[in-house]
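Please open the structure in your viewer and follow the stops below. Each stop gives a selection and then what is there.

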Amino acid sequence: MSAHVETDAQTISPDMPAMFDGVKLAAVAAVLYIVVRCLNLKSPTAAPEISCQDTPHNRYLIKSCPILTKEYIPPLLWGKSGHFQTALYGKMGRVSSPHPCGVRMFLPMQDGATATFDLFEPLGDHVIGDDITMAICPGIGNHSEKHYIRTFVDHSQKQGYRCAVLNHLGALPNIELTSPRMFTYGCTWEFSAMMGYIRRTFPQTHIIVVGFSLGGNLVCKFLGENPANQDKVLCCVSVCQGYSALRAQETFLKWDRCRRLYNFFLADNMKKLILSHRGSLFGMRTSKMEITDLSRLYAATSLTHIDDIMRKFHGHDSLKEYYEKESCVNYIHNVNVPLLLVNSSDDPLVHESLLTIPRTLAEKKENVIFVLTMHGGHLGFFEGAVLIPQPLTWIDKVVVSYADAVCQWEKRRPCHRATDRTELKGKA
C-alpha cells in the first residue's frame, strides 16, 4: 500500500512546481495590474489646460507665470493618483512643514462670536517694494496651524508678503466658542471682519485674497456679495473649490472615485468638530439648536445630514435654500478683480461636471483665468522625482507667482494702458 502511495506522489510531484510558479506569476501580474491602474502610472504628464479671454492683461499674466505653461510633473510612483495626492495632503498636509511665527488676533462679532486670525509679517522684500498682504482662507475645518497653510505662509513671507490667515470659527483646538455658532460653507462674517482689520490697521497695503477648497468658495462669495468688498483687493486666487454646494452634494452620494467614502469621512470629521463644541452649540440660551438635532448629528453619515443641521445657524428654512445662498456660484460673476481659479481633473472631491462653472465664467469674463491640471488631487499638487515629494508644492509656487505678476502689472499700469491704446489704434 505504501509503495502505491509513493508511486502516485512521484507521478504528481514533477508537475507541482510548475503549477505553483504559474499561480505565483498570475498573482504577481494581477497585483501589478491593480497597482498600475490604482496609481495611474500610464497617465502622461502635461501642462495645465488654461481657459481665458485673449486680452493684453491675461497674456501678460500667463507670460509672467511660466509655471502655468510648463508640465506639472508629480512624483513618479504615486503622484498621478488623485487619491494618493489627496490622502497624503489629508494625512500629512505637507512634507517638512516650517513653523512660521505670527500673532493671533481676536475680533468680537456682533452676535457674540469671536473671530480669530493669525498675522505673519513679511520676511523679505516684495518684488515691487510695496506693502502687500495675503488674506488667506483655509479649507473645511482648517486653520493657520495646518501644515499646508504653514508651508504656504512661509513661502509667501519669504517673497515679501504679509499673511493674515483666518481660523474658521470653531476649528482651532482648545479655543471655546463664545456664541452658539460655528463656521459654515459660505458664511463670510469672520473673513469680512479680518479684511476690515487689515484695511484699518494697514491703510497703505494692497490685498491678495487666497482661498483653499471651502475657503475658495467663501472668498469668491465675499468679493461678489458687495462691490465695496473688492476695495484695495488686487486679485483673488481660488484652489480646488466646488463652486456649487447644491450640485456638489448630489455627486457626493455617488460611488465613482469613492466619493461616497470621502463623504463619510468628511462628515465624520465635521461631526467630531461639532460635538467638541456641544456645550456652546446646544447648551446656550440663545442657541437655535434643539435636542433632536443632537440625536440627528450622532446618526449623520454624510455631509448632507450635517448641513441640514448647520443651516440652522443662519436660520435657513431648507437645505436647498442653504446651499443656494452659501455657494459662490450665485455671486462670483460680480467679482471684477483678476481672478485665478485652479482645479485638478483627478480631484476625487470635485466632480468634473462642476468644472463647467469656472470654464464658462472664464469664457464670459475677461478678468478670469481658469487653470485645470491633469493631476494633483484635492489640495495635493506635490512635486518630486520618484517617491519623496518636495516640501514646496506646485500650487504654492503658482499662487505666489500669479500674485507677483498681478502686482507688477498694477505697478506698471500707466505703461500698460498706453500700450493697450496703441494696440487698439493699430487694429482700427
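**A tour by selection**

Select Glu190 and Arg181: their side chains meet in a salt bridge, 2.8 Å from N to O (a side-chain nitrogen of Lys or Arg within 4 Å of a carboxyl oxygen of Asp or Glu). Both Glu190 and Arg181 are buried (under 20% relative accessible area; exposed is over 50%, partly exposed in between, with a 1.4 Å probe and protein chains only).

This is a predicted model, in which local features need pLDDT of at least 70 and side-chain atom pairs count only at pLDDT 80 or more, while totals for chains, interfaces and linings use all residues. Residues are numbered from 1 along each chain as its sequence is written, and side-chain values use heavy atoms, with hydrogens and water left out.

Next, select Glu145 and Arg104, a salt bridge of 3.1 Å, N to O. Glu145 lies in the loop between β4 (132–137) and α5, and Arg104 in strand β2 (residues 103–108), so the pair ties together parts 41 residues apart in sequence. Helices (H or I, at least four residues) and strands (E, at least two) are DSSP runs, numbered from the N terminus.

Move on to helix α5, residues 147–158. Of its 12 residues, 10 are buried, among them Tyr148, Phe152 and His155. Just after α5, Gly160 has a positive phi of about 95°.

Now select Arg259 and Asp256, which form a salt bridge of 2.7 Å, N to O. Arg259 is buried at 2% relative accessible area, whereas Asp256 is partly exposed at 34%.

Last, select Asp293, Arg296, Asp308, Arg311 and Lys312, which salt bridges link in a network.

Note on methods:
Expected span 1.5 Å × (residues − 1).
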